[in-house]
Amino acid sequence: MTLAQRPQADTRERAAGLFPGGVNSPVRAFAAVGADPVVLVSGRGAHVRDADGHEYVDYIGGWGPAILGHAHPAVVDAVGAAAAAGLALGATNPLEVELAERIRARMPSLERLRFTSSGTEAVMSAIRVARAATGRELVVKFAGGYHGHSDGLLVEAGSGVATHGIPGSAGIPEAIAGLTIVLPFNDPMSVTQAFAAHAGRIAAVVIEPVAANIGVIPPQDRFLEHLRATCTADGALLVFDEVITGFRLGPGGAQARYGIRPDLTTLGKVIGGGMPIGAYGGRADVMRLVAPEGPVYQAGTLAGHPLAMAAGIATLDLLTEESYLRLESTSEALAAGLEAAAARAGRTVAVNRVGSLLTVFFREGRPVDAADAYASDREAFARFFRAMLAGGVLLPPSPFEAWFVSLAHEESEIEETLDTARRAFAS
Ligand code: PMP
């Protein structure tokens with residue numbers, strides 16, 4: 001067969017010569033699952049198609065934004081209309097106000113906010129503001145938490161950092177990494193100890209309230225409450241990184257689900273409906289510090305981009321209370337079916353699920369922190385992944401990523417997924 005008859009292999013080979021690892025983001029490499037990376041050319045609803053014409057039921061979901069499914073007509077139309085009006089005009093656009101008002105109405109802790117072009121920028125900026133607001137330098141994060149690729153937050157990070165076994169990252173000065181304190185997720189005692197050891201020196205605690213970058217790990221009872229109380233008592237700011245959980249776990253994100261009001265919140269993914277986006281916001285007195293109102297500089301040529309705003313507005317307008325109930329029941333059926341399929345085949349797995357985020361861990365017992373997650377059978381996951389792929393189901397190519405269920409996943413897609421999983425577990 002010539003390369004022209006194998007467009008996927010052709011693109012892959014050319015990409016390998018152009019991009020480090022053949023990809024423009026490490027999670028797209030399939031090294032952890034021992035397979036060739038797929039080259040996707042289109043997506044519609046719950047399905048994606050590769051360059052060779054194979055269709056898959058998709059659980060990558062664009063890594064989070066595709067909560068309505070791919071290429072939802074309302075989103076496509078909104079983006080088309082925005083593009084026709086001019087791509088980047090370089091001044092405030094009414095669409096920015098429209099999206100921001102929708103976000104604040106659903107997530108009232110964002111009294112004021114700012115749009116960025118990525119989640120990385122959102123979290124990086126939130127930390128800068130927190131440092132300015134407190135006059136402190138230290139930041140607490142949790143092992144396996146991924147908050148984008150800004151220098152200080154790559155320490156013991158999840159996502160591709162964990163998937164590819166990179167211990168932090170090269171190129172980050174000690175002086176910067178040393179300002180990050182990493183604690184185990186779900187361990188309130190270590191939080192108390194860190195605050196005792198560094199009283200009055202911690203600017204912020206940044207956390208994915210539901211950890212979703214070492215696979216899905218929910219917060220244990222009272223853990224988030226403990227963080228809230230500890231931060232308040234010490235004068236540190238609590239930053240919820242809701243880049244994944246925001247508008248996915250419900251209209252009010254994880255903060256509404258668990259009833260905790262953070263000082264600052266970061267968003268991304270769903271709020272841009274698949275376009276590049278991020279946002280950070282929170283207490284008005286803190287956000288007042290951001291330029292040009294205050295001394296904390298943060299900017300972006302393409303921030304608040306009209307196409308991202310339009311896609312976000314169309315997406316949020318379709319996310320009703322009923323949507324979240326449907327996502328919950330679809331995801332519950334999927335998780336229960338996967339557990340049953342594994343049990344029938346005599347496989348030991350633990351399925352963690354919060355809303356439409358879930359992970360099948362190849363280990364006994366549900367993990368509660370990164371160390372537990374890392375103690376999964378990576379080879380077993382890789383075999384399962386390849387069997388699912390061969391059966392027409394595309395999972396995130398890592399044992400440490402969440403599967404993203406969308407509103408386009410209907411009973412038929414779930415049944416197809418479970419049929420494939422039964423065969424995959426049995427093989
Ligand atoms: N925070 C979290 C929780 C994320 O999952 C991600 C990306 N997966 C980011 C921040 C960074 O977002 P981006 O990739 O848009 O920079």
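Modeller: Gly 355 is buried, because its relative accessible area is 4%. Bear in mind throughout that this is a predicted model. Gly 355 sits in the loop between S11 and strand S12 (357-361). Apart from neighbours within four places in sequence, Gly 355 is in contact with Leu 249, Arg 257, Glu 328 and Ser 331.

A polar atom of the Asn 352 side chain lies 2.8 Å from the backbone oxygen of Val 216. A polar atom of that side chain also lies 3.4 Å from the backbone oxygen of Pro 367. If residues up to four places away in sequence are not counted, Asn 352 touches Val 216, Ile 217, Pro 218, Leu 357, Leu 358, Thr 359, Phe 361, Arg 366 and Pro 367.

Next come the helices. Two packed helices are described by the angle between their axes and the distance between the axes. Helix H12 covers residues 321-344 and helix H15 covers residues 411-426; their axes come within 9 Å and cross at roughly 20 degrees. Because of that angle, H12 is roughly parallel to H15. The crossing in which H12 passes H15 is right-handed. On the H12 side the residues that meet H15 are Thr 330, Ala 333, Leu 334, Gly 337, Leu 338, Ala 341, Ala 342 and Arg 344, and on the H15 side they are Ile 414, Thr 417, Leu 418, Ala 421, Arg 422 and Phe 425. Sorted by class, the contact of H12 with H15 has nine nonpolar, three polar and two charged residues.

H15 also packs against helix H14 (residues 378-390), where the axes come within 9 Å and cross at roughly 130 degrees. That angle is why H14 counts as oblique to H15. H14 passes H15 in a right-handed crossing. Phe 384, Ala 387 and Met 388 of H14 make this contact with Thr 417, Thr 420, Ala 421, Ala 424 and Phe 425 of H15. The contact of H14 with H15 has six nonpolar, two polar and no charged residues.

Ser 427 lies in the segment after H15. With a relative accessibility of 65%, Ser 427 counts as exposed. Leaving aside neighbours within four places in sequence, Ser 427 is in contact with Arg 347 and Ala 387. Ser 427 and Phe 384 are 43 residues apart in sequence, and from C-alpha to C-alpha they are 8.7 Å apart in space.

Helix H7 (residues 188-197) and H8 have axes that come within 10 Å and cross at roughly 10 degrees. H7 is therefore roughly parallel to H8. From H7, Pro 188, Val 191, Thr 192 and Phe 195 take part in the contact, and from H8, Phe 223, His 226, Leu 227, Thr 230, Cys 231 and Asp 234 do. The residues of the contact of H7 with H8 divide into six nonpolar, three polar and one charged.

Some backbone details remain. Most residues other than glycine have a negative phi, and most peptide bonds are trans. Arg 222 is not a glycine, yet it has a positive phi of about 75 degrees. Arg 222 is placed in the loop between strand S7 (202-207) and helix H8 (223-234). Arg 222 is exposed, because its relative accessible area is 54%. Trp 63 also has a positive phi, near 65 degrees, and is a residue other than glycine. Trp 63 is found in the loop between strand S3 (55-58) and helix H2 (73-84). Trp 63 counts as buried, at 15% relative accessibility. Lastly, the peptide bond from Ala 291 to Pro 292 is cis, with omega near 10 degrees. Pro 292 belongs to the loop between helix H10 (284-287) and helix H11 (306-318).

Notes: Residues numbered from 1 in each chain as written. Predicted model: local features only at pLDDT ≥ 70, side-chain atom pairs only at ≥ 80, totals over all residues. Heavy atoms only, no water. Axes fitted to C-alpha atoms, helices over the stretch in contact; angles between N-to-C directions. Helix = DSSP H or I, 4+ residues; strand = E, 2+ residues; numbered from the N terminus. Parallel < 35°, antiparallel > 145°, perpendicular 65-115°, else oblique. Left-handed = near helix turned anticlockwise from the far one by under 90°. Contact = heavy atoms within 4.5 Å. Nonpolar A, V, L, I, M, F, W, Y, C, P; charged D, E, K, R; others polar. Polar contact = N/O pair within 3.5 Å; in protein donor to acceptor, adjacent residues only side chain to side chain. Buried < 20%, exposed > 50% of the residue type's maximum accessible area, 1.4 Å probe, protein only.
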